[in-house]
Amino acid sequence: MANQAATTDATRVGRWVTILGAVMIVAGFLAVLAPGPAALAATIFFGAMFFVGGVAEVAHAVATRAEIGFAWKLLSGIAMIVLGALFAIFPLAGIATLALVVGGLLLAHGVGSVMLALKRRPGRGWGWILFDGVLSIVLAIMIAVGWPASSIPIIGLLAGFSLISAGMWRIMLARTLREEPPPQPA
């Protein structure tokens with residue numbers, strides 16, 4: 001009886017996860033087809049996250065004002081609120097900023113991967129790590145060369161591909177939930 005309930009729950013959860021995955025894939029394709037609105041939505045989302053995070057940080061700073069670091073926590077929270085507000089007030093600058101951050105992260109990742117690959121050489125798989133590193137560095141250079149004009153398509157396409165990828169793994173997870181036997185009580 002418990003196994004049947006667990007199977008029914010897993011099936012229901014799997015169905016909802018599949019629906020969520022499909023919606024995310026559709027949203028991802030729409031973002032790839034219309035990178036401008038997707039970039040704007042991503043910037044507004046990040047701005048809202050910075051703003052809410054800043055409010056939480058200020059609240060935490062005030063609640064723990066007697067502890068060491070109050071001023072730094074307060075300053076950090078205020079900076080996050082200002083950054084979030086700036087993303088909302090100047091969304092094109094926010095998009096350009098996000099593109100620059102993505103380029104910087106790709107460059108850092110690429111350099112780290114190249115260093116790791118050279119350290120692992122001649123071990124198995126070092127070439128794949130090197131390929132990943134070089135590709136990341138090339139993408140970072142492409143972002144830098146096209147910046148700020150390429151910011152909108154870069155952020156829009158990244159948002160789209162991220163949604164597609166997230167939707168795909170959710171569908172695969174849902175499939176696993178439906179196929180996996182329910183856990184047995186210990």
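## The salt bridge

The side chains of Lys73 and Glu67 meet in a salt bridge, at 4.0 Å from N to O. The term covers a side-chain nitrogen of Lys or Arg within 4 Å of a carboxyl oxygen of Asp or Glu. The structure holds one such bridge. Lys73 counts as buried, because its relative accessibility is 15%. Buried means under 20% relative accessible area, exposed over 50%, and partly exposed in between (1.4 Å probe, protein chains only).

This is a predicted model: local features need pLDDT of at least 70, side-chain atom pairs count only at pLDDT 80 or more, and totals for chains, interfaces and linings use all residues. Residues are numbered from 1 along each chain as its sequence is written, and side-chain values use heavy atoms, with hydrogens and water left out.

## Helix H2

Helix H2 covers residues 35-63 and has 29 residues. Helices here are DSSP runs (H or I, at least four residues), numbered from the N terminus. From its first C-alpha to its last, H2 reaches 41 Å, close to the 42 Å expected at 1.5 Å a residue. The expected span is 1.5 Å times one less than the number of residues.

Several residues of H2 are buried. They are Ala38, Ala39, Ala42, Thr43, Gly47, Gly54, Val58 and Ala61. Pro91 is found in helix H4. Pro91 counts as partly exposed, at 25% relative accessibility.

## Aromatic pairs

The structure holds three aromatic pairs. Rings of Phe, Tyr and Trp (its six-membered ring) pair if their centres lie within 6.5 Å; planes under 30 degrees apart count as stacked, over 60 as edge-to-face and the rest as tilted. One of the pairs is Phe50 with Phe87, which is edge-to-face: 5.8 Å centre to centre, with 75° between the planes. Phe50 lies in helix H2 and Phe87 in helix H3 (residues 70-89), so the pair ties together parts that are 37 residues apart in sequence. Phe50 is partly exposed at 27% relative accessibility, whereas Phe87 is buried at 4%.

Trp128 and Phe131 form another edge-to-face pair, at 6.3 Å centre to centre and 85° between the planes. Both lie in helix H5 (residues 126-146), three residues apart, about one turn of the helix. An α-helix has 3.6 residues a turn, so residues three or four places apart point the same way.

## The surface of H5

Trp128 is exposed, with a relative accessible area of 67%. Trp128 and Phe131 belong to a nonpolar patch on the surface, together with Val134, Leu135, Val138, Leu139 and Met142. The accessible area of the patch is about 720 Å². Such areas come from the Shrake-Rupley method with a 1.4 Å probe; for residues, only the protein chains shown count as cover. Patches are made of residues with over 30% relative accessible area and no salt bridge: like charges are joined within 9 Å, nonpolar side chains (Val, Leu, Ile, Met, Phe, Trp, Tyr) within 5 Å.

Met142 is found in helix H5. At 54% relative accessibility, Met142 counts as exposed. Gly146 is partly exposed, at 23% relative accessibility. Its C-alpha is separated by 26 Å from that of Ile129, 17 residues apart along the chain.

Most residues other than glycine have a negative phi, and most peptide bonds are trans. The peptide bond from Arg121 to Pro122 is cis, with omega near 5°. Pro122 lies in the loop between helix H4 (91-120) and H5. Arg121 lies over the face of Trp126, at 5.6 Å from the ring centre. A charge sits over a ring if NZ of Lys or CZ of Arg is within 6 Å of the ring centre and within 35 degrees of the ring normal. A cis bond also runs from Trp147 to Pro148, with omega near 0°. Pro148 lies in the loop between H5 and helix H6 (151-179).

Arg124 is found in the loop between H4 and H5. Arg124 is exposed, with a relative accessible area of 80%. The C-alpha atoms of Arg124 and Arg178 are separated by 35 Å. Gly125 is found in the loop between H4 and H5 as well. Gly125 is partly exposed, with a relative accessible area of 38%. The C-alpha atoms of Gly125 and Met172 are separated by 26 Å.

Terms used. Helix = DSSP H or I, 4+ residues; strand = E, 2+ residues; numbered from the N terminus.
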